[in-house]
Structures are given as structure tokens and as C-alpha cells.
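Dear colleague,

Please find the structure below, followed by notes on its side-chain contacts.

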Amino acid sequence: MTKPPRHRLVPTNVAALAAGVSEATIRKWVSRGKITRYGAPNCRSEFDIDELTEIALRRRPGPPPGRGAGR
């Protein structure tokens, strides 16, 4: 996988805010292969904001059941 352009990479704390989770969750996702971490070992981790946006959109809950139009 090629590294995204520099302007699309964000640090862990911003990644957590973008995905609506804690920084610990971001680190768990990395260890489970759910998201891609960029950066050299023992250096600051960075994440692709587009990848995080996709994850956040998939995690977003839908409308509650039984809430159709006309109610």
C-alpha cells in the first residue's frame, strides 16, 4: 500500500476524534489490522483521514427502528 499524501495524515489524537473513539481504540484497531498506521517504528503514528472517515461512517448508527415518515 502506498503512503497517502502528507496533508491527509493525522496523529493519533486527531484520528481518535475523527473516528469518535479513544486513542486506545485507535491503537487496538492498528494491532488488529483494522486501520493502517503510517510512520517509522518508535516514531509518531499517523493515520489517513480518509480511511478514518470511512470507518466513522460505517460505525454511525442508523435511524431508530419504527421511525418512518408520517409519524
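The charged end of Lys34 lies over the ring of Trp29, at 4.2 Å from the ring centre; a charge sits over a ring if NZ of Lys or CZ of Arg is within 6 Å of the ring centre and within 35 degrees of the ring normal.

This is a predicted model, in which local features need pLDDT of at least 70 and side-chain atom pairs count only at pLDDT 80 or more, while totals for chains, interfaces and linings use all residues. Residues are numbered from 1 along each chain as its sequence is written, and side-chain values use heavy atoms, with hydrogens and water left out.

There are four salt bridges, each defined as a side-chain nitrogen of Lys or Arg within 4 Å of a carboxyl oxygen of Asp or Glu. One of them joins Asp48 to Arg8 at 2.6 Å, N to O. Asp48 belongs to strand β2 (residues 46-48) and Arg8 to the segment before β1 (9-11), so this pair ties together parts 40 residues apart in sequence. Strands (E, at least two residues) and helices (H or I, at least four) are DSSP runs, numbered from the N terminus. Asp48 is buried, at 7% relative accessibility, and Arg8 is partly exposed, at 23%; buried means under 20% relative accessible area, exposed over 50%, and partly exposed in between (1.4 Å probe, protein chains only).

Arg44 and Glu46 also form a salt bridge, with their closest N and O atoms 3.3 Å apart. Arg44 is exposed, at 53%, whereas Glu46 is buried, at 7%. Elsewhere, salt bridges with shared partners link Arg8, Asp48 and Asp50 into one network.

With kind regards
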